[in-house]
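Look at the structure shown here. This short report walks through its surface, its fold, its charged pairs and its pocket.

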Amino acid sequence: MKEPKNYLGKAKKWNFFILITSCLSALLGIGSIVKSFTDTLEDYSVYEKYAQKMFDYNTGIAYRGFLIFNFGVLVFLIFRYFKANQLLAAGESAPKYPYYVAIAMMVLNFLFGQFVTPQVELIEGLQLGAITAISGVVSVLITAIPPLFTLINLFKGDTETNN
């Protein structure tokens, strides 16, 4: 049997990876929020006949509100990941709920993208919705790996400690 510290060490590595990528996501999130509030219709000229629809979507209250909500949750999670990193470095187990929240936010982002993104034909026969569906599923599966591995190692570390 492995030592609980081995599992907690692995959890710490995954947590640190999540912490770094979350900080990078926060920087990108700030850029997205600023862009949403400073966009002009000319910025969407690449969409040609769908420019007004995309402009309305990206500057609408639902999209802006969701961006701000996501950013708030991300900042909260960054603080929790930082605290978890401190606990794991001290050889203690960390709370698991931030990783559940992160996975839930991934699913929520995917659903928001599916149901709120306007239907725009980018190329003859290729809808924006189809692209977001495929890329959304793939990105949720990939981005869920670090929180899942962190949870697995936290549970294994807790189980080994309690036995």
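## A nonpolar patch

A patch is built from residues with over 30% relative accessible area and no salt bridge; like charges are joined within 9 Å, and nonpolar side chains (Val, Leu, Ile, Met, Phe, Trp, Tyr) within 5 Å. Accessible areas come from the Shrake-Rupley method with a 1.4 Å probe, and for residues only the protein chains shown count as cover. One nonpolar patch on the surface is formed by Phe16, Ile20, Leu24, Leu27, Ile30 and Val34. Together they have about 560 Å² of accessible area.

Phe16 sits in helix H1. Is Phe16 buried or partly exposed? Its relative accessible area is 43%, so Phe16 is partly exposed. Here, buried means under 20% relative accessible area, exposed means over 50%, and partly exposed lies in between (1.4 Å probe, protein chains only).

## The model and its fold

This is a predicted model: local features need pLDDT of at least 70, side-chain atom pairs count only at pLDDT 80 or more, and totals for chains, interfaces and linings use all residues. Residues are numbered from 1 along each chain as its sequence is written, and side-chain values use heavy atoms, with hydrogens and water left out.

The protein chain has six helices and two strands. Helices (H or I, at least four residues) and strands (E, at least two) are DSSP runs, numbered from the N terminus. Along the sequence, the pattern reads α-α-α-α-β-β-α-α. The chain has 163 residues, and 36% of them are buried.

Phe71 lies in helix H3. Its relative accessibility is 24%, so Phe71 counts as partly exposed. Phe71 and Ala26 are 45 residues apart in sequence, yet their C-alpha atoms are 6.7 Å apart.

Ala102 belongs to helix H4. With 8% relative accessibility, Ala102 counts as buried. Ala102 and Leu74 are 28 residues apart along the chain, and 8.3 Å separates their C-alpha atoms.

## Two salt bridges

Side chains of opposite charge can pair when their charged atoms come close. A salt bridge is a side-chain nitrogen of Lys or Arg within 4 Å of a carboxyl oxygen of Asp or Glu. How many salt bridges does the structure hold? There are two.

One joins Asp39 and Lys35, with the closest N and O atoms 2.9 Å apart. Asp39 is buried, at 12% relative accessible area. Lys35 is partly exposed, at 44%. Another joins Lys96 and Asp158, with the closest N and O atoms 2.4 Å apart. This pair links distant parts of the chain: Lys96 is in the loop between H3 and H4, Asp158 is in helix H6, and they are 62 residues apart. Lys96 is buried, since its relative accessible area is 17%.

## The largest pocket

On a 1 Å grid over the protein atoms alone, a pocket is an open set of points with protein on both sides within 12 Å along at least five of seven lines; lining residues have an atom within 4 Å of a point. Grid points are joined across faces, edges and corners, and a volume is the space filled by probe spheres set on the points. The largest pocket has a volume of about 1,400 Å³. Its lining has 44 residues, and the closest to its centre are Ser25, Asn70, Met105, Met106 and Asn109.

Which helix gives the most to this lining? H1 does, with eleven residues. By class, the lining has 25 nonpolar, 17 polar and two charged residues. Ala, Val, Leu, Ile, Met, Phe, Trp, Tyr, Cys and Pro count as nonpolar, Asp, Glu, Lys and Arg as charged, and the others, Gly among them, as polar.

Notes:
On a 1 Å grid over the protein atoms alone, a cavity is a set of points where a 1.4 Å probe fits but cannot get out, and a pocket is an open set with protein on both sides within 12 Å along at least five of seven lines; lining residues have an atom within 4 Å of a point.
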